[in-house]
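Try each one yourself before you read the solution.

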Amino acid sequence: MGKKGPLAGLRIIDSTTMVAMPMALHIMADMGAEVIKVETHTLFRTEAARLLYADNEPGDDPWNRDGSFNTLQRSKLGVTLNLKVAEGVQAFKELARISDVVVENNRAGTMKRLGLSYEDLKKEKPDLIYVSNTGFGHTGPWRTYAGIGRMFELTCGLSQFTGYPDEGPRRVGKSFFDQHVGWTAVFAILAALHYRQKTGKGQWLDLAMYQIGVATMGDALLDYEVNGRNGRLMGNRHPYHAPHGVYPCRGDDKWIAIGIENDGQWEALVEAMGSPAWALEERFADASSRLKNQDEIDELLSRWTVGWEHGELMEALQGVGIPSAAVMNSRDVLTNPHMRSRGFYERVEHRADSGIGPKIYFGRPWKMSKTPAKIRRPAPGLGEHNEFILGDLLGRDSGEIGRLYDINVLGKTPTDPPDFKPPSYQRQLEEGTLAGYDPDYAEIVGTEQDA
Amino acid sequence: MLETALGQFKVIDLSTHIAGPLAAKMFADYGSEVLKVEPAPVGDPARGVGPFFHDDPHPEKSLLFFYLNCNKRGVTLNLESAAGRKLLLELVKDADVLLESFPAGYLASLGLGYEDLEKVNPGLVVTSITPFGQFGPYRDYAGSDLVYYAMSGMMYSSGAHDREPLKHGHPQSFYMGGMIAAYATSAALFSRLMTGEGQHIDLSLQESVAAHHYDSATRYSYTGTIERRAPKVESGSFKGTKFEGIVPAADGFIAPTMQRGRPTAPFHEYVTFLGHPELDDSLFADRQMIAEHREELDEVLLPLLKEWKKLEYFNAFMSEGFVAGVVQTSEDLAKCPQLEERGYFAEIEHPVMGRLRVPGEMFRLPECPWSLRRAAPMLGEHNAEVYGGELGVSRGELVRLRELGAI
């Protein structure tokens with residue numbers, strides 16, 4: 001039982017693209033649900049356009065070699081169903097009949113036009129749970145607005161706090177709220193499953209990204225409701241404590257984050273610095289005076305941190321209980337001894353014919369003691385499980401499956417692939433978009449051994 | 001009354017601050033009976049965290065605490081006392097979930113670790129939320145929002161190329177941790193339907209942020225490249241303060257783009273919607289030319305964008321299928337017609353603060369919706385009801401427990 005994961009026995013149809021829903025469903029697949037990604041070879045895999053080709057080689061099948069896609073679709077089975085053809089729609093309906101959950105994030109109205117809306121599929125499977133994920137929900141004046149992940153930091157109110165105070169609001173994440181939405185979607189789907197367990201009833205979930213993002217702003221919203229106050233740009237600062245920021249260390253673009261949250265931590269920091277005269281002055285003695293004079297503290301503290309190697313300084317400061325951290329880049333994170341020792345990263349061996357070899361992926365930020373989750377299989381190549389799903393699950397014979405290929409319902413290569421070129425790391429290094437490129441990265445991350 | 005989604009679960013929320021309380025709130029919002037057990041005598045430290053009602057730093061006036069603890073009942077309990085520990089074991093007997101955020105190993109040192117609780121209630125799911133998890137070399141490191149951002153890879157690639165790395169200005173790591181704790185706990189309850197057994201979940205806040213920044217690890221494992229904060233705004237990029245970044249409008253900030261479905265709309269089409277069809281597009285005829293004339297594009301467009309009111313721009317362009325963002329303030333959210341029409345807010349009476357409008361419904365389950373049933377508990381508000389009424393502790397014994405500092 002344990003090996004199967006906590007969600008063993010569930011079957012979920014994943015008819016989604018982008019980040020939020022694919023992420024929710026790879027987590028559910030890691031937890032043992034059988035997640036079937038339904039896509040079509042007649043449209044390009046949009047997630048496979050991040051230009052993170054395995055070993056920077058697009059190869060003969062670049063749509064199967066993108067790291068971003070392969071992260072978001074891991075642990076899933078994959079089938080290509082062209083829903084513009086009646087036979088494709090029919091196969092989707094039959095799949096819904098033997099599934100517990102259908103998740104889609106198409107523009108409102110698309111599934112209805114295809115005859116695959118909740119109302120349609122409920123006829124196939126009365127207790128089906130059907131999730132529609134959109135930017136703003138299926139009702140309200142903004143219901144038709146594009147739900148683009150990278151805009152939600154702004155729209156949900158987070159950017160009013162984010163940015164250097166002398167500059168203006170900024171985004172931090174790439175598509176920040178996508179992941180919040182993904183995680184909340186897992187909770188929402190499970191809530192519907194718990195309800196079905198009790199009542200035998202399925203339902204349609206209207207999951208709006210906007211509402212999930214705004215739910216992280218509850219204190220800010222109440223601050224406006226009660227005190228009439230809006231957010232302000234915080235940089236890396238804390239509303240009540242100082243020093244609280246990111247300070248330079250030895251070397252190019254090396255930084256330490258230090259966040260003092262009480263007098264004891266400040267005293268420990270002063271001692272770690274060797275009790276310099278400035279730090280003992282009255283104007284830095286308590287929280288409110290430090291807050292008032294924090295520009296000056298930041299300046300003086302920087303002069304001390306810049307002589308240190310950032311990892312060593314983190315160890316020294318953490319050793320005396322000061323919340324601090326080296327600012328880690330992707331190499332630092334992937335080789336971090338703590339996360340490594342916790343098994344946060346998992347090594348996945350890809351199919352031999354993919355040419356991808358072993359790669360490291362992040363796991364999940366939690367461990368379950370009795371029903372552990374794990375990455376069950378690499379992301380499916382385009383159409384990889386067509387025969388299993390059409391044949392074994394839906395009972396089509398090989399002649400019928402062959403006909404579905406002939407009439408373009410099924411396919412294993414995109415009908416209209418764009419021109420793939422690997423990005424030039426040299427150019428990106430020169431212009432500074434990349435901080436570094438390690439030709440020996442496979443050895444550095446230990447891809448060859450178990451992660 | 002409608003059947004709820006999660007009303008069959010009893011949750012003991014021993015956690016403090018944001019992450020654990022948010023997870024427990026998500027259960028409470030969808031029907032679970034959640035009992036918040038606060039450390040006696042001062043309670044959840046979040047009671048001391050602002051913003052406060054009318055800026056009065058009073059333990060019943062923290063708006064953060066209020067938001068995260070609505071729909072819960074509350075008791076106080078001192079786990080350092082033998083009598084307090086005994087009460088907790090009583091509470092655990094018929095609970096389904098216990099959420100806690102003590103330092104790793106603390107509950108075990110009191111004889112209240114997972115192994116101890118499992119003996120009392122084998123079906124219990126215990127979710128432990130800590131900065132760095134229950135084991136590993138950094139187990140006892142001090143965590144904070146700033147620390148998690150720094151140690152996830154997220155911060156290194158955020159901010160200006162030539163300035164210090166930047167995090168969000170509102171502590172999102174705790175909200176991530178809470179949402180993750182909520183789904184993991186619910187999955188363990190789902191698993192219990194098959195196995196009949198509870199289990200222990202070890203959640204790391206630092207890994208929660210690292211999981212959020214998932215493509216950092218993938219990038220390095222796939223390509224050996226390390227992404228830095230972008231030096232300049234490139235076409236299609238979204239960083240910085242230029243077109244396609246965040247730019248000033250008349251009354252705030254917007255993020256304009258020419259993206260209108262796929263592919264991007266031509267310059268002429270975009271400026272027509274902007275109200276300036278007369279603009280010369282000879283430098284901007286296609287995407288390649290736009291990429292080569294970024295500065296000229298900013299010179300032409302930024303002054304025109306500044307004439308638009310932020311929400312007017314957002315509504316005008318979004319309703320025409322363009323991609324646009326608007327930096328909404330808390331006031332904008334409070335007055336948002338979309339949230340209003342979706343019934344996002346609900347009102348409730350708080351004994352000290354009066355009537356408050358509370359956000360909000362995270363997602364819609366039409367058969368078993370979110371509901372706001374009670375305001376956040378006052379410190380120890382339900383001590384008599386829970387210990388006296390439900391555990392059957394006598395009135396005299398309650399007085400004694402209070403005198404002992406157990407509750």
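**Exercise 1. Count the helices and strands of chain B, then describe the chain as a whole.**

Start with the tally: chain B has 17 helices and 12 strands. Here helices (H or I, at least four residues) and strands (E, at least two) are DSSP runs, numbered from the N terminus. Before going on, note that this is a predicted model, where local features need pLDDT of at least 70, side-chain atom pairs count only at pLDDT 80 or more, and totals for chains, interfaces and linings use all residues. Residues are numbered from 1 along each chain as its sequence is written, while chains are lettered from A and ligands numbered from 1 in the order in which they are written.

Next, the box: along the principal axes, the C-alpha atoms of chain B fill roughly 85 × 50 × 45 Å.

**Exercise 2. Find out how confident the predictor is in chain B.**

Take the average pLDDT, the predictor's confidence in each residue from 0 to 100: for chain B it's 94, and 97% of the residues score at least 70. For the complex, ipTM is 0.97 and pTM is 0.97.

**Exercise 3. Work out which helix gives chain B the largest share of its side touching chain A.**

First, the totals: 126 residues of chain B are in contact with 137 residues of chain A, with contact meaning C-beta atoms, placed from the backbone, within 7 Å. The largest share on the chain B side, 16 residues, comes from helix α7 (residues 172-195) of chain B. Sorted by class, that side has 68 nonpolar, 38 polar and 20 charged residues. Nonpolar covers Ala, Val, Leu, Ile, Met, Phe, Trp, Tyr, Cys and Pro; charged covers Asp, Glu, Lys and Arg; the others, Gly among them, are polar.

Now the strands: β12(A) and strand β6 (residues 200-204) of chain B run antiparallel, joined by three bridges. In β6(B), B:D202 is the bridge partner of A:K367.

**Exercise 4. Is A:T371 buried or exposed?**

Locate A:T371 in the loop between β12 (366-368) and α16 (386-393) of chain A. Then count: A:T371 is buried because 24 other C-beta atoms lie within 10 Å.

Methods. Buried ≥ 20, exposed ≤ 12 C-beta atoms within 10 Å, placed from the backbone. Contact = placed C-beta atoms within 7 Å. Pairing = 2+ DSSP bridges.
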